[in-house]
Amino acid sequence: MNFIIGILFSLVVVGIFVLIPWVGVWAFDLRYLFGIIVPYAAVATFIVGIIIRVLGWARSPSPFRIPTTAGQQKSLPWIKQNKIDNPSGTIGVIIRMALEILLFRSLFRNMSLEFRGGAKLAYEWEKWLWIAALAFHYSFLVVLLRHLRFFTEPIPAFVRWIEKLDGLFEIGIAPFAGFAAPGILISGFILIAALTYLFLRRLYISQTRYISLPADYFPLFLIIGIAATGILMRHMGVFMQFIFKVDWFSVQVVNVKELAMGLVTFNPKIPEGIGTIFFIHLFLVSTLIAYFPFSKLVHMAGIFLSPTRNLANNSRTVRHINPWDYPVHVHSYDEYEDEFREKMVEAGLPVEKMPESQTEDGSGTQEEAEKE
Amino acid sequence: MSDVPKPEELAKVDHTSPLITGWMNSPVEIKKGVACYAGKPKNLEYVGLPNPREWSPLDEDWKLPDNWKEIILDGLRERLERFRSLKIFMDICVRCGACADKCHFFIGGGDPRNMPVLRAELLRSIYRREYTTAGKIMGKFAGARDLTVDVLKEWWYYFFQCTECRRCSVFCPYGIDTAEITIIGRELLNLVGLNIDWISAPVANCYRTGNHLGIQPHAYKDMLDFFVDDIEEITGVKMEPSFNRKGAEILFITPSGDVFADPGTYTCMGYIMLFHYLQKMGLDITWSTYASEGGNFGYFTSHEMAKRLNAKMYAEAKRLGVKWILGGECGHMWRVINQYMDTFNGPADFLEEPVSPITGTKFENAKGTKMVHIIEFTADLIKHNKLKLDPSRNDNLKVTFHDSCNPARGMGLLEEPRYVIKNVCNNFYEMPENTIRELTFCCGGGAGLNAGEDMELRMRGGLPRANAVKHVHEKYGVNMLACICAIDRAVFPDLMQYWIPEVGVIGVHEMIGNALILEGEKERTTDLRSEPLHGMEEVEEAEEVKKEEKVEENKDV
């Protein structure tokens with residue numbers, strides 16, 4: 001397995017996942033399957049899969065308190081503790097976790113090693129991975145939240161705000177008078193840019209290229225596919241119709257909403273006027289949702305349970321119990337003294353039991369004599 | 001050392017990973033200078049470890065038990081059920097590569113399998129094959145592979161090329177800790193008798209004699225008596241450390257390396273002097289020959305073995321009837337005490353919450369384990385002005401401080417040693433910030449790798465640390481590397497000799513011993529190493545001459 005096979009394999013799989021709904025809807029008109037059954041199955045798989053996964057993790061205990069301490073411990077009162085990076089209580093842990101989950105604090109520490117001949121090391125500023133990771137996750141979140149407009153009636157205020165914010169960077173691209181292009185939403189483009197960066201980075205750096213598996217390329221390509229089909233629908237539908245007189249990317253938003261509302265209210269129906277492109281988009285999303293619990297994407301849930309981050313460094317103060325603790329063989333002091341008693345006495349070290357030759361009458365106690 | 005390539009050669013490290021051949025397809029070559037010797041059967045037998053036999057990692061046949069595969073897979077399943085850390089770390093890595101260039105072994109060696117992520121993948125690939133559906137069906141396409149003897153050899157080679165320093169876990173966005181992977185990986189290997197001599201011998205020794213060098217009780221006392229003589233010669237003050245004394249208030253446990261090998265011995269002298277100094281102020285402390293090892297080589301073998309060796313500390317404290325335990329300068333010893341001890345062998349309800357008999361300070365952060373770090377203890381003494389110190393006696397030294405991995409990332413003991421150092425010496429310089437505190441670099445020989453036969457590995461692993469020392473050496477003239485870890489004191493002299501011969505190694509309590517003004521001491525002309533103090537070079541020379549004359553006279557008589 002090398003990166004070429006990894007990338008090709010992932011591309012082919014994503015390609016197949018594009019073709020399946022395309023052929024299915026366009027040639028066989030399986031709208032009910034791809035519009036209703038597949039999404040339901042995917043969500044069910046996601047829910048059950050995640051629950052099983054998290055319960056599986058939770059079933060194994062954290063026998064020892066093993067936080068990575070990344071700052072000063074709580075010690076003498078005049079030494080300032082780093083309460084976030086080396087928390088000794090729950091509040092510190094919550095803040096540490098929040099910073100980790102919301103701002104990727106550990107990733108922010110990243111720096112790159114510059115190795116110069118003659119063993120000269122330098123550590124260079126390297127926040128690009130952190131920036132790209134934040135850009136990817138947050139733009140994805142915004143896209144996700146924006147989509148709530150399809151699943152809610154009335155649309156909650158916060159969804160409208162997000163949409164408004166997302167559209168702030170609108171660059172009027174109405175090329176012709178009277179032409180109403182929907183406003184550009186920046187999040188989708190950031191999403192694709194960040195994903196592209198993450199892919200190129202993985203490919204460019206020899207170390208990440210070496211360790212990457214198809215399981216690393218596949219989700220990147222899959223999400224790029226989702227974002228691309230989304231952008232095509234939103235921004236290119238009217239455009240293509242106007243310029244090339246084709247309705248490939250045209251989707252009636254009202255009808256999509258009708259389908260989505262049907263799904264969430266468990267009253268599913270397939271309205272007319274939804275193009276094949278939508279079913280491709282929906283199928284890729286379903287794939288991602290169903291794939292989620294079985295892939296590295298579960299880091300989203302796993303981070304909450306990571307023992308090096310979610311435990312307080314208080315094991316010198318508070319006793320923690322290992323639920324599977326069991327008794328072990330130890331070498332007791334008595335065994336030790338039995339082996340070295342004579343030498344200890346000779347060296348003037350105190351002993352629990354004097355050796356026979358050293359007892360008062362010089363012949364050992366009666367009991368010992370009997371034993372012999 | 002003679003087999004190790006010259007520094008200029010060693011420094012030519014290529015970090016580029018192979019382009020076309022994936023790691024699963026590139027065979028592992030077990031190299032001399034990197035691989036350690038195999039554990040000897042008698043040591044395994046002594047503590048009841050499986051499959052004791054003569055074998056060598058350089059041989060083709062490792063003499064595994066017939067059902068080795070079953071043992072390993074059962075062991076892995078059991079550990080997945082016991083350690084949430086393992087389960088999570090197997091599942092959530094995204095291979096972002098943030099850890100890759102953070103490992104000292106990768107930086108100094110360039111072997112891609114020493115990237116923390118790939119070290120973990122060695123185990124993950126088997127986990128996927130056995131425990132995930134995708135791995136079972138899709139094999140290599142899902143990053144899975146079969147467990148073979150070659151895989152086992154690869155595990156052994158690379159889990160004994162990790163010092164469990166946890167630097168990668170600081171950078172990992174999910175806190176994946178390679179130390180945890182290595183600890184459990186080594187546990188699995190030990191199930192089929194795969195280990196290294198420099199761990200299994202100390203384990204057997206610690207179990208039997210209480211310390212890793214196998215020093216018997218009378219010899220242990222002899223060593224300390226020897227230090228007492230040296231101290232008397234240097235300071236004119238006679239000291240009397242006590243051993244195995246029942247009814248003492250405090251039990252002192254330090255790594256036995258400090259009793260046996262330079263420069264740790266000078267740190268040990270520092271302890272003896274400090275305790276003597278405090279005796280009149282109310283310190284009532286005893287050493288133990290039974291619990292004469294602070295370090296825990298069991299921790300490099302398995303959790304169970306760590307517990308078995310650690311048990312001695314509380315057992316001895318209970319037998320002697322002390323109130324609490326004071327622990328010496330050591331690295332992983334303190335990770336074990338901080339994160340495992342109470343869970344392993346607690347509750348220490350027969351002890352009392354530690355209170356400094358000198359200052360009255362309650363060590364509230366240790367009220368569970370009842371064990372205080374000597375640096376915490378000393379820092380508190382200095383803060384309360386209880387020590388008369390003459391830092392100028394360390395004026396020969398330009399000091400920098402190496403944070404030992406485990407006290408830094410498994411405890412957070414960062415400010416205390418700095419506070420002490422600044423009070424006992426006048427010239428202190430920090431290394432670059434990316435190489436200290438929680439970002440500190442390993443000495444290259446922790447977790448049982450400070451053997452002699454893996455010297456090339458150690459010199460490579462120590463490269464990033466040495467490089468930072470070199471930086472302050474060139475910039476400020478630093479000539480002394482201070483540390484609070486016995487393994488550091490054993491490992492650094494070789495490392496410094498190799499990369500920066502001008503720099504020596506010192507324990508923090510050796511500097512205290514130098515600076516401490518004892519009651520009734522004579523004017524000191526030398527430090528604890530019997531080297532002339534700053535400005536005393538001539539006096540010392542004259543004394544030497546006098547001494548020689550005396551010897552001559554005696555000879556004449």
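Which residue forms a salt bridge with Glu187(B), and how far apart are the closest N and O atoms? The partner is Arg79(B), at 2.5 Å. The views below come from a predicted model, in which local features need pLDDT of at least 70, side-chain atom pairs count only at pLDDT 80 or more, and totals for chains, interfaces and linings use all residues. Residues are numbered from 1 along each chain as its sequence is written, chains are lettered from A and ligands numbered from 1 in the order in which they are written, and side-chain values use heavy atoms, with hydrogens and water left out.

**View 1. Glu187(B) and Arg79(B) form a salt bridge within chain B.** A salt bridge here is a side-chain nitrogen of Lys or Arg within 4 Å of a carboxyl oxygen of Asp or Glu. Glu187(B) lies in helix H10 (residues 178-191) of chain B and Arg79(B) in helix H3 (residues 68-82), so the pair ties together parts that are 108 residues apart in sequence. Helices are DSSP runs of H or I with at least four residues, numbered from the N terminus. Glu187(B) is buried at 6% relative accessible area. Arg79(B) is buried too, at 7%. Buried means under 20% relative accessible area (1.4 Å probe, protein chains only).

**View 2. Asp216(A) forms a salt bridge with Arg95(B).** Their closest N and O atoms are 2.7 Å apart. Asp216(A) sits in helix H10 (residues 214-244) of chain A, and Arg95(B) in the loop between helix H4 (84-91) and helix H5 (104-109) of chain B, so the pair joins two chains. Both residues are buried.

**View 3. Arg95(B) also forms a salt bridge with Glu121(B).** Here the closest N and O atoms are 3.1 Å apart. Glu121(B) belongs to helix H6 (residues 116-131) of chain B and Arg95(B) to the H4-H5 loop, so the pair ties together parts that are 26 residues apart in sequence. Arg95(B) has a relative accessible area of 3%; Glu121(B) has 1%.

**View 4. A network of salt bridges links residues of chains A and B.** Its members are Arg202(A), Asp216(A), Lys296(A), Arg95(B), Glu121(B), Arg124(B) and Arg128(B). Over all chains, the count is 51 salt bridges.

**View 5. Helix H15 of chain B has a kink.** In H15(B), 15 of 18 residues are buried. Gly321(B) follows, with a positive phi near 70°.

Key. Bend = angle between axes of the 7 residues up to and from the residue. Buried < 20%, exposed > 50% of the residue type's maximum accessible area, 1.4 Å probe, protein only.
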